[in-house]
Each structure stands twice: as structure tokens, then as C-alpha cells.
Amino acid sequence: GRLGVEAGTVLRGVGLGPGDLASPDLLVAPGQELTAIRNLRAAVGDRPALAAEVGAAYRLTTFGILGYALLASPTLREVIALTLRFIDLSYIFSTIGVRVAGGRVVVRLDGAALPPDVRDVLVDRDLFAIHSVLGELVPGGLPFTSVAFGGGREFREELLHVAMAHV
């Protein structure tokens, strides 16, 4: 696979086979996705940029009909409203909060309700997936002006560079 791991390894215990991934009608339950993420982490070992690499690979089309609706939204404000309204149609696990402060859009991703063993990976993946999709919606993209994590976790700037190299 793209990350150096065979699909069968990632799908072990998920209830899907590599051939299933080609189906445009495939629906993956959250529990299946969590199992796949755990398998991927185990297969790659210590790879700090893993979530950034995975998130940066997300595209509007990854989100199916929601992605097309976002593409048809004329403003960033409508993109945000639509995303929050139909978040269950996405692969985002984090709880999302959005506000405008001082002319900036502030997005808060909360992983408190996520399983501890995959919490950081999921929040990071969601962060980079949002960044990647916004890059398709806004000409020139929307650069991060800052990233802060709760719980004392530091954002590693090199993850952004690694992720963007995989776009």
C-alpha cells in the first residue's frame, strides 16, 4: 500500500477484504475503521507523521455526497455550516467546534470521547483531513496560522511538511 503496509494487514479483523475497497458503495462502520487504524499503527511502528500522512490523503471525493455538497457551497461560512450539520456523513471522529475570532476561523477538535489508544492519531488525522479538503475548496488553500493541542501535547511543525509532501 501507499504507506508501505499491505491492505490485508490493515484489514485484519475488520470484516473486509482488499477487494471490497474498490466498491464505490462500501460503507465502513466506525468500529471497523478503529480496528483498521489500530492495525495500521501496529504495522508501521513508531511513525510520528502517520496521522498527518493519512489525513493529507483525504479528498473531497472521500466524503461522497457530502464532498460534492461542500464543493457546491459558495462561501467558506456555508462549507462550515454544511459540514457541522452533516458531520455524521464524514469520517471525522473528533468533536468539532468552529468560531470566528478576530477575523480568523478557529477550529477546535476535541478527542476526549475517543478511545485513548487512538485519540491522538484520530485528532491529528482529522486535522490534516480538514486542511486537505479545505485546500481543494479554497483557491490557494487555507494555511494553518497556529495549531495548539490540549493536555500539553505540542504540535510538531515538521508533521505539516511531511503531510504536505504526501499530497
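This is a predicted model: local features need pLDDT of at least 70, side-chain atom pairs count only at pLDDT 80 or more; totals for chains, interfaces and linings use all residues.
Let's start at Q32, a residue of helix α2, which spans residues 30-44. Q32 counts as buried because its relative accessibility is 19%, and the cut-off for buried is under 20%. Leaving aside residues up to four places away in sequence, Q32 touches V14, G15, L16 and L27. A polar atom of the Q32 side chain also lies 2.7 Å from the backbone nitrogen of A29.

Next, find the aromatic residues. The structure holds three aromatic pairs. In one of them, the rings of Y58 and Y91 have centres 6.3 Å apart and planes at 80 degrees, so this pair is edge-to-face. It links distant parts of the chain: Y58 sits in the loop between α3 and α4, while Y91 sits in the loop between α5 and β1, 33 residues apart. Y58 is buried at 11% relative accessible area, whereas Y91 is partly exposed at 28%. Y91 also pairs with F63: their ring centres are 5.9 Å apart and their planes lie at 50 degrees, so the pair is tilted. F63, in the loop between α3 and α4, is 28 residues from Y91. With a relative accessible area of 9%, F63 is buried. Together, Y58, F63 and Y91 form one aromatic cluster.

Finally, follow the chain to the strands. Strand β1 (residues 95-101) pairs with strand β2 (residues 104-110) in the antiparallel sense, over seven bridges. Here V100 stands opposite V105 in β2. Two residues lie between the strands of this hairpin, and G102 takes a positive phi near 60 degrees.

Conventions:
Residues are numbered from 1 along each chain as its sequence is written. Side-chain values use heavy atoms; hydrogens and water are left out. Helices (H or I, at least four residues) and strands (E, at least two) are DSSP runs, numbered from the N terminus. Buried means under 20% relative accessible area, exposed over 50%, partly exposed in between (1.4 Å probe, protein chains only). Contact means heavy atoms within 4.5 Å. A polar contact is a pair of N or O atoms within 3.5 Å; within protein, one must be able to donate a hydrogen and the other to accept it, and residues adjacent in sequence count only if both atoms are side-chain atoms. Two strands pair if DSSP finds at least two bridges between them. Rings of Phe, Tyr and Trp (its six-membered ring) pair if their centres lie within 6.5 Å; planes under 30 degrees apart count as stacked, over 60 as edge-to-face and the rest as tilted.
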